[in-house]
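Here is a short note for someone meeting this structure for the first time. Please keep the view open while reading.

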Amino acid sequence: MNVLSERNEMNQSSSISAPDENPMVRFSGVTKRYGNLTVLDNLDLDVSANEMVSIIGPSGSGKTTVLRMLMTLETIDQGIIYVDGNPLTHMERNGEMVFANERYLRTQRNNIGMVFQQFNLFPHMTALENCIEAPINVLGLKRDEAEQRAIDLLRMVGMLGKKDEHPTRLSGGQQQRVAIARALAMRPKVMLLDEVTSALDPEVIGEVLNVIRALNSEHNLTMLMVTHQMGFAREISDRVCFFYKGKIAEQGTPDQIFNDPQNDRTKQFLSAVLDAN
Amino acid sequence: MEWRWDFAIEILPQMLGAMLNTLLAAGIGYGIALIVGLLLLLGQRTKYALLNMAVREVVEFVRSTPLIVQLFFVYFVAPQFGVVLSAWTSAMLTIGIHYGTYLSEVYRGGLEAVPRGQWEACRALNFSPARTYFRVVIPQALPASLPGMGNYLVGIFKDTPMLSTIGVVELMHTANALGAETYRYLEPYTMVGFMFLLISLPTAAGLRKFERYVGRALGVTK
């Protein structure tokens with residue numbers, strides 16, 4: 001399979017740890033187009049279990065699309081995505097791999113959780129109700145059990161005191177913390193964080209980053225994070241991927257990417273971002 | 001010509017009886033329109049692009065022609081093609097379909113008022129389509145649709161005099177008949193106007209209260 005060999009080459013060149021035989025997430029030759037525009041071009045990316053991968057890059061480079069495809073909010077045009085060894089975008093029918101239908105996606109989607117830039121909490125439900133709706137109705141948990149799980153998570157994100165408030169009465173940072181709890185309540189194997197601090201006022205960004213920090217150090221979670229917070233990406237990531245025009249232009253440890261970038265695009269991007277800060 | 005109270009009181013029972021028919025016509029017509037509107041909305045959101053387009057065209061066609069012309073077509077022209085319906089049936093069918101197209105647009109506006117992020121959150125949490133609609137989308141779309149829905153309830157009510165033209169014995173029809181019989185038009189028509197006002201005004205106020213109540217009950221507004 002040439003996809004595999006390409007991936008191995010990529011791994012060798014990036015001088016990251018040896019290739020993972022059982023990655024939690026595997027993008028294999030994934031291409032996404034909108035009309036004539038190729039948003040992602042033949043993407044190969046493996047993410048190991050418990051790995052924290054940050055995705056950085058200029059806008060329009062396909063960063064968010066990577067997460068949206070993994071959350072099955074977007075279809076893909078070519079290639080295949082695997083999660084925990086199982087195909088996500090495809091299913092087997094009569095011995096052939098075909099694009100997954102909605103029923104198959106519903107069997108796979110619980111493995112993945114996502115936190116959005118705009119929070120997307122349900123405005124007509126309280127913080128607690130937001131966190132128990134899916135565990136009860138999708139996972140089939142009993143109400144008591146779901147509430148206990150939600151309460152534990154709301155405590156972890158520091159929002160237990162506001163569990164009976166509706167989202168409109170919460171600040172952006174508080175809403176985002178509830179949204180993190182809501183996603184965690186499904187116990188996903190992979191958490192996707194899509195510019196989770198971009199819609200926040202500067203003074204509340206810290207409280208959300210602290211939650212993610214705690215999540216990363218105390219829980220076994222595979223995380224993919226699209227972010228503009230370079231300092232945070234550098235501090236928390238196991239690996240940083242720099243996207244440019246639908247491809248991974250460069251990837252490596254935070255130290256490699258931020259202290260010794262090899263690619264000119266990476267250098268340009270980083271100096272522009274650091275200048276702006 | 002002077003206002004005659006004795007005549008007004010004399011025709012009052014007949015007028016009130018006719019009023020009941022008016023309310024009945026508006027109520028049944030609205031009920032049909034609510035359902036037709038939903039069907040026309042769903043008909044535009046199927047997997048089949050051709051069907052969606054066809055339903056869309058039907059909606060545009062019905063919305064763009066006058067109610068009274070449609071009424072005359074169903075009652076006077078359709079029989080020439082062998083479709084004979086009573087005045088009431090024609091009236092309810094026409095009002096139901098005509099206002100159904102308006103209501104489908106109101107529903108559509110309500111659905112489009114629900115941010116895309118809400119649908120995406122439902123998908124990310126792996127909700128079934130039914131749960132997505134009933135637990136998340138409709139509770140947010142309904143409060144946005146209620147003002148428009150209320151408008152058309154009052155609108156149908158005020159359009160019922162048109163039904164007198166095909167012989168539905170509602171308020172206007174009765175006033176016409178009384179006038180032709182007694183040559184007194186002042187009292188019957190004044191009473192028609194007042195009766196409409198007496199129903200419309202409290203209905204509009206009641207609807208506004210209902211909107212707030214629903215908003216609160218669904219937890220969307222405080």
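The points below take up a sheet, a pair of strands and a chain contact.

1. A word on the source. This is a predicted model.

2. The open sheet. Chain A has an open sheet of four strands, in the order S2-S1-S4-S5. The pairing is antiparallel. Strands S2 (37–47) and S5 (86–87) of chain A are at the edges. Each has a single partner strand, so one side of each lacks a neighbour in the sheet.

3. Strand S4 of chain A covers residues 78–83 and pairs with S5(A) over two bridges, in the antiparallel sense. Look for Tyr82(A): Pro87(A) in S5(A) is its bridge partner.

4. A helix on the sheet. Helix H2 of chain A, residues 63–70, packs on this sheet. H2 touches strand S1 (25–34), S2 and S4 of chain A. The direction of H2 makes about 115° with that of S1(A).

5. Strand S8 (112–115) of chain A pairs with strand S9 (residues 190–194) of chain A in the parallel sense, over four bridges. Met114(A) stands opposite Leu192(A) in S9(A). In a regular strand, side chains alternate between the two faces of the sheet. Ile112(A) and Met114(A) point one way from S8(A), while Gly113(A) and Val115(A) point the other way. All are buried.

6. Where the chains touch. In chain A, 21 residues are in contact with 17 residues of chain B. S8 and helix H4 (127–137) of chain A each supply at least two residues of the side touching chain B. Which element gives the most to that side? H4(A) does, with three residues. By class, this side of chain A has ten nonpolar, eight polar and three charged residues.

Notes: Residues are numbered from 1 along each chain as its sequence is written. Chains are lettered from A and ligands numbered from 1 in the order in which they are written. This is a predicted model: local features need pLDDT of at least 70, side-chain atom pairs count only at pLDDT 80 or more; totals for chains, interfaces and linings use all residues. Two strands pair if DSSP finds at least two bridges between them. Two residues are in contact if their C-beta atoms, placed from the backbone, lie within 7 Å. Axes are lines fitted to C-alpha atoms, for helices over the stretch in contact, and angles run from 0 to 180 degrees between N-to-C directions. Ala, Val, Leu, Ile, Met, Phe, Trp, Tyr, Cys and Pro count as nonpolar, Asp, Glu, Lys and Arg as charged, and the others, Gly among them, as polar. A residue is buried if 20 or more other C-beta atoms lie within 10 Å of its own, exposed if 12 or fewer, and partly exposed in between; C-beta atoms are placed from the backbone.
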